[in-house]
Amino acid sequence: MEETSDEPPTSAVLLDNCHFSQVIFNNVEKFYVPGGDVTCCYTLTNNIAPRGKDWVGIFRVGWKTTREYYTFMWAPLPRGVGGHMAVQQQIQFKAYYLPKDDEYYQFCYVDQDGVVRGASVPFQFRAETEDDILVVTTQGEVEEIELQNKNLLKENEELKESCVSLRKQNMDLQEQLQKTQELQNSFESLKSNTEKAEQELNSLKEENKHLKELAKCREAELHSLEEQIQKVTSEKEHLETRLKTALDRMDQLQSQVLNYEKEVACLDHDKTEQLKRLKEENRQLCITVAEQREHKEKLERVLENLKGSEAHLSQFLQNEQHQNRDLMKELEEKKHLFQILQAKNNETAKENQELRKENDDLLRRLSQNAVGGLVFGNPYYGEVAWHSVSIRKCPMCDEVFPGDIDTSDFEAHVQSHLLECPLCNETFEKTNLQVFDDHIYCHGLE
């Protein structure tokens with residue numbers, strides 16, 4: 001049975017996942033007379049942020065999920081009130097939509113995600129009986145009742161003072177929790193900066209490796225050119241030797257020709273043929289000498305070109321070596337910056353761990369005060385204990401541990417996620433194995 005055609009947001013969430021202390025229902029009667037409208041008053045604490053699809057439903061006692069509502073009304077949004085103050089609200093259920101039996105029911109505040117944020121004490125829909133008729137008592141009974149009322153009022157005042165103290169402690173714990181969250185955010189920022197520095201360091205390493213390979217290639221090319229220059233120089237020397245020998249031979253032949261010409265003048269006609277042969281041989285020798293001179297000039301031009309290439313390669317190699325030294329210097333600066341960030345990271349992690357220990361102690365004292373300070377016990381003690389247990393979890397794998405776990409066991413679990421440098425005792429996450437290997441490699445470069 002519903003009061004509107006719209007379906008409210010529900011879920012199959014069980015009772016263990018609900019937070020009944022965020023909305024408190026006030027002035028709930030033990031029973032309501034059938035046939036009349038019912039006004040539901042409740043208080044929105046500062047632990048809940050109202051939204052447009054929140055609703056208040058009437059549930060039969062024993063319900064398991066928020067889908068088992070009998071009827072519901074949309075919860076109005078508070079107006080003109082800050083988000084950190086408790087707000088009094090009320091809605092009215094029409095008599096036509098209310099249950100007609102005498103079973104026990106209760107009000108429940110459900111947010112737009114279908115999660116219960118508050119529940120009232122049980123009540124019934126029934127007519128007034130004789131047990132509810134006012135009974136006239138004697139003066140002594142009245143005095144006794146007044147005395148009981150005074151004691152109850154005194155006890156109520158004590159409970160209120162205890163509640164104020166607990167609220168103050170809760171606010172202090174929330175402030176400390178907020179500081180812890182800020183430290184956690186700072187830690188995440190440092191972690192992000194560290195990862196960026198590691199990425200830049202890896203990029204510089206890759207560039208350095210590429211430049212080293214390029215320098216090796218240049219050195220190999222230069223060595224090959226030097227060998228070619230030596231080979232050409234050797235060939236030049238050999239050709240110069242051959243040319244000198246040929247020139248000497250030509251001088252000798254020219255001298256012989258002159259001698260032959262002198263002798264020919266004295267020889268008879270029979271020697272004319274021999275003279276022609278000698279002239280032909282002399283002509284061939286002149287052609288050979290001219291070819292050798294042209295070959296020598298070509299070799300000299302090739303040698304000049306090789307010398308120019310050698311100077312260019314030497315200049316290029318020097319520039320590459322200068323760039324390599326600059327990159328190594330920048331790599332050392334990045335490494336130093338990485339070590340500084342890692343040291344800050346370790347300090348932040350240590351402060352974060354101390355704050356978590358202090359937070360656990362405060363939550364434990366809060367739970368002890370909550371149990372021992374109330375006369376009738378704290379109905380929400382189980383929820384506080386549940387939150388205190390769930391707060392302590394591993395910062396590496398988010399595994400949840402009980403609040404009373406031994407500190408050494410918790411630290412051993414966290415340490416199992418870390419790798420420690422054997423040279424400088426710096427710690428790294430096991431998931432960043434490549435960073436750890438690069439760190440060990442940097443020690444090797446030192």
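This is a predicted model: local features need pLDDT of at least 70, side-chain atom pairs count only at pLDDT 80 or more; totals for chains, interfaces and linings use all residues.
I take helices (H or I, at least four residues) and strands (E, at least two) as DSSP runs, numbered from the N terminus. Residues are numbered from 1 along each chain as its sequence is written, and side-chain values use heavy atoms, with hydrogens and water left out.

**Entry: Thr-427**

I looked up Thr-427 and found it in strand S11. For accessibility I use relative accessible area with a 1.4 Å probe and protein chains only: buried is under 20%, exposed is over 50%, and partly exposed is in between. Thr-427 has 23% relative accessibility and therefore counts as partly exposed. I also noted a pair: Thr-427 and Ala-343 are 84 residues apart along the chain, and their C-alpha atoms are separated by 10.0 Å.

**Entry: helix H5**

I checked the length of helix H5, which has 13 residues (433-445). The expected span is 1.5 Å times one less than the number of residues.

Which residues of H5 are buried? I list Val-435, Phe-436, Asp-438, His-439, Cys-442 and His-443. They cover an arc of only 160° around the axis, so they sit on the same side of H5. The arc is taken over the directions from the helix axis to the C-beta atoms. Gln-434 and Gly-444 are exposed on the other side of H5.

**Entry: cavities**

Rolling a probe the size of a water molecule over the atoms shows where empty space is left. I work on a 1 Å grid over the protein atoms alone: a cavity is a set of points where a 1.4 Å probe fits but cannot get out, a pocket is an open set with protein on both sides within 12 Å along at least five of seven lines, and lining residues have an atom within 4 Å of a point. Grid points are joined across faces, edges and corners, and a volume is the space filled by probe spheres set on the points.

I find two cavities of 30 Å³ or more. The largest cavity has a volume of about 100 Å³. Its lining consists of Glu-198, Leu-201, Asn-202, Lys-335, Phe-338, Gln-339, Val-435, Asp-438, His-439, Cys-442 and His-443. H1, H2 and H5 are the elements that give two or more residues to this lining. Which element gives the most? H5 does, with five residues.

I sorted linings by class: Ala, Val, Leu, Ile, Met, Phe, Trp, Tyr, Cys and Pro are nonpolar, Asp, Glu, Lys and Arg are charged, and the others, Gly among them, are polar. The lining of the largest cavity has four nonpolar, four polar and three charged residues.

**Entry: second largest pocket**

The second largest pocket holds about 1300 Å³ of space. I count 44 lining residues, and Phe-187, Ala-349, Arg-356, Pro-395 and Met-396 lie nearest the centre of this pocket. At least two lining residues come from each of helix H1 (139-266), helix H2 (272-372), helix H3 (381-391), helix H4 (407-415) and strand S11 (427-429). By class, the lining of the second largest pocket has twelve nonpolar, 18 polar and 14 charged residues.

I followed up on Phe-187, which is in helix H1. Phe-187 is buried, at a relative accessible area of 17%.

**Entry: Glu-300**

Glu-300 is in helix H2. Its relative accessible area of 33% makes Glu-300 partly exposed. Glu-300 and Val-232 are 9.5 Å apart in space, C-alpha to C-alpha, and 68 residues apart in sequence.

**Entry: cysteines**

I searched the whole structure for disulfides (a pair of cysteine sulfur atoms within 2.5 Å). How many are there? The search finds zero. Cys-40 is in none, and the nearest cysteine sulfur, that of Cys-41, is 6.8 Å away. Cys-40 is buried, with a relative accessible area of 1%. Cys-108 is also buried, at 0%.

**Entry: positive phi**

Asn-27 is not a glycine, yet has a positive phi of about 55°. I place Asn-27 in the loop between strand S1 (23-26) and strand S2 (31-32). Asn-27 is exposed, with a relative accessible area of 67%.

Asn-425 also has a positive phi, near 65°. Asn-425 lies in the loop between strand S10 (418-420) and S11, and counts as exposed at 53% relative accessibility.
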